[in-house]
Amino acid sequence: MTVLTQSAPARTERQYQFSWADAGPFLALVALLALGFLVNPDFLSVTNLSNVITRSAYVAIIAVGATFVISSGGLDLSVGSMVAFIAGITIMFMNMMAPSLGLWAIPAGMAIAVVTGLLCGLANGVIVTVGKIEPFIATLGTMGIFRALITYMTNGGTIPIDKSLREAYRPVYFGTLGGIPIPILISAIVAVLGAFVLYKTKYGRRCAAVGANEDVARYSGISVIKTRTIAYVIQGACVAIAAICYVPRLGAATPTTGQLWELQVITAVVIGGTALRGGKGRIWGTIAGAVILELIANLMVLSDFVSEYLVAAVQGVIIIIAMLVQRFSK
Amino acid sequence: MSIAARIDGDSAVAPAAGISVGPAVLRAEGLSKQYGAVTVLSDVTLDIQPGEIHAIIGENGAGKSTFMRLLSGYIEPTEGTLSMAGHRVRFSRPDQAQAAGIALVHQEILLADALSVTDNLFLGRELTKGGLVDDARMRRLAAAKLAELGCEVSATSLVRDISLADRQLVQIARALLDEHRVVIFDEPTAVLTGGEVERLLTIIFELKARGIAVLYISHRLDEVQRLADKVSVLRDGKLVGTYPGHTLTQIDMARLMVGRELNALYPQKQATRTDQPMLSVRNAVVPGFVEDVSFTVHKGEILGFAGMIGAGRTELFEGMLGLRPGTATVELNGAPVRIRSQREAMEAGIGYLTEDRKGKGLLLQERLGPNLTLSALANFHPGLIVRRDREARALAQAISSYDIRLKSLGVRAGQLSGGNQQKLLLAKVLLSDPSVVIIDEPTRGIDIANKAQIYGFIQDLVRQGKACIVISSEMQELVGICDRVIVMREGRISGEVSGETMTESNIALLATSSRAHVAQGGTK
């Protein structure tokens, strides 16, 4: 039998369709900025905005990694304590090397931070994929481990960075390049890289496929274990970069460093439009989400309407609204 | 809304000459359903009499499911009315239709795996005594209902432990738990084979004997022919007509559904088969499913695999391809190959189309391009980056070569009809140009026009010198397209038929009886 020779109904139509769910985080961002301006015109000043975005940088950087983990169908609760753990290791290493390497101890320490981050991510990934343990439980376990390790390393107190290194390291958080604070530059680079990997590469495709339907991915010849593990490794690298930016801010690591960041990170990812059940990642939405969280906190400090003690409550309301928007905007 | 304007809509039932018109237990009048500007069902008027088996047939997208969902309260009509025994009824929720005596047996198995059979039967309408659930009474009633249906599972076993066919029976038992006046079956035999289908048909005849009206939706026209007192045909959301069942042949039904003269469903067989072995599998073992199976498929050959559900056909190939634990010695074109994962299978040149296209074949939320290239990512996009231009070209190519019908290029795979999904899945697997193509249930849940096309594509494959293995529960289909059929039973090959011996009855015999003797069947 011959195949029907009917002309295919393929039309040249734009593949992109506007969706309120995708635009939501950016619209919310604009709305917040407008609201902020009404409350206090200083809100939109360059100084204030650049402060806010700088403060949101760590959460944004970590959340880029979390976007990979969550869109591949995983979850990582350990990021907050991982920041503290990596910061501790990094400071101890830098302090140890300062006498022999001088200022070179700083880049060496940064390299150690990245290696530690990759290894921590790999550990999480392997426990989840090879060990076949629910991501929630597996990273709940490593969260406790990392937190306990930093508490043990600091002996319950703080590990300050060596005085000889402090001045040289300061600019990584406080410095600017071409007028733009360095943490903002770093998070922009991380976001661009993340968006490139997630949207343009084969790995990004596989990551979303594994998150959307593990069976389909497996039957398509994709290694689910490899794909998921790499997502956790990317997460580890992002946490390390965030830790590198964070160390000069306080100049020390403490047992409370990065506490509850995992919640902020997950909130940023989810209000950014990434599906918590996997399959759909939105890097730029995540960045918007991280900025929104910090903007709300800032707005509440600048205004007198609501006590700043209620920041977490407002953020909680935001995440619920974001989920409702996702649900009802189909 | 206006009823007066719809009364002349009766003409739609015109061809039903010679059928006595008694009091209809259920009457749909001018039933229409629109979603925005799209009309999915238009002006359907139909009478269902007590004690009749009324089949509704039509291609996918003809409006069958919409019609059923309107009758059973899952959706509300845009226009038109329903009446039962002469009284107007309106359903805005399924439980209202239930209460009025209309039960729907769903096509998909909708049961809670972790609960017992009894718990599932009474889910949402548990019997209570003094405010507490009355387990003993529910178990007793459940056991009685199951016995009535000839289902032998215990009322206390967990649903996850019983077979697919028994689950279907449990689902039917659930629908029949209360007394009903109308029972709607939506493709009840899609997951059943041979004897299980017979058991279901017996149940349906018993319902009829008790004066219950049965609405029966099926793609299997042979069943419709055996069962139906009346056949109503839907096409493009409109009722083509209602016909006395026994006057229609299967070809008549197919013609009415498609609305044009249908060429033969199965393509003319071609002598493309050679004696050159392409894929040979020795001593395949899949623990729990397959014991020691060996076979060879030749270049240009379509080899069928028949058997009942649970015979181990799918498991054999999934084990061989590294999708589940198993061992086999595999030779491709005479050279041994090691296959431990689906990736290695694809690299070796073996493509596999899963029977579960929605669960394992396609990313339903994803657009067509990424679906098409998903398994070929590695060779399709050299380097790190996904080449969207190539992907778009490949998609345009696939759409035209496989005649995939779509509303726009931006649609998600889940929005395609079953037939078009299957064509997309075929295109996806063939994108890496395998030399052996294994297709599990090529036409399950697909309408007749798409079926014919898919058979044509399969024949094109072997004409290009590939070898093709078709696993199917439809024996007619295997006989229609295969050069040779291997029959499996309980994890082993029970026989092989080809040429003269390749008949449905021989295959059925080999699939069901332990010591079948098929004349000249080259049994191994």
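This is a short tour of the structure above, one selection at a time.

The model is predicted: local features need pLDDT of at least 70, side-chain atom pairs count only at pLDDT 80 or more, and totals for chains, interfaces and linings use all residues. Residues are numbered from 1 along each chain as its sequence is written, while chains are lettered from A and ligands numbered from 1 in the order in which they are written.

**Stop 1: where the chains meet.** Select chains A and B together. Here 26 residues of chain A are in contact with 37 residues of chain B (contact: C-beta atoms, placed from the backbone, within 7 Å). On the chain A side, α9 (202–212) and α10 (214–219) each supply at least two residues, and α9(A) gives the most, with 5 residues. Helices (H or I, at least four residues) and strands (E, at least two) are DSSP runs numbered from the N terminus.

**Stop 2: α9 and α11 of chain A.** From α9(A), show A:Tyr203, A:Arg206, A:Cys207 and A:Val210; from α11(A), show A:Val224, A:Thr227, A:Arg228, A:Ile230 and A:Ala231, and you have the contact.

**Stop 3: the core.** Which residues touch the most other members of the largest nonpolar core? Among its 238 residues, they are A:Ile61, A:Ile62, A:Val83, A:Ala243 and B:Ile184. A nonpolar core is a set of buried Ala, Val, Leu, Ile, Met, Phe, Trp, Tyr and Cys residues joined through C-beta atoms within 7 Å; buried means 20 or more other C-beta atoms within 10 Å of a residue's own, with C-beta atoms placed from the backbone. Helix α11 (residues 224–250) of chain A gives the most to this core, with 15 residues. Now centre on A:Ile62: leaving aside neighbours within four places in sequence, its contacts are A:Val79, A:Cys238, A:Val239, A:Ala242, A:Trp261 and A:Val265.

Stop 4: Select α15 (residues 418–430) of chain B. In α15(B), 12 of the 13 residues are buried, so this helix is largely enclosed by the rest of the structure. Its buried residues pack against several elements of chain B, including β19 (436–440) and α16. Move on to α16 (residues 448–463) of chain B, where 13 of the 16 residues are buried, so α16(B) is also largely enclosed. Finish at B:Gly465, which follows α16(B) and has a positive phi, near 90 degrees.

Key:
Two residues are in contact if their C-beta atoms, placed from the backbone, lie within 7 Å.
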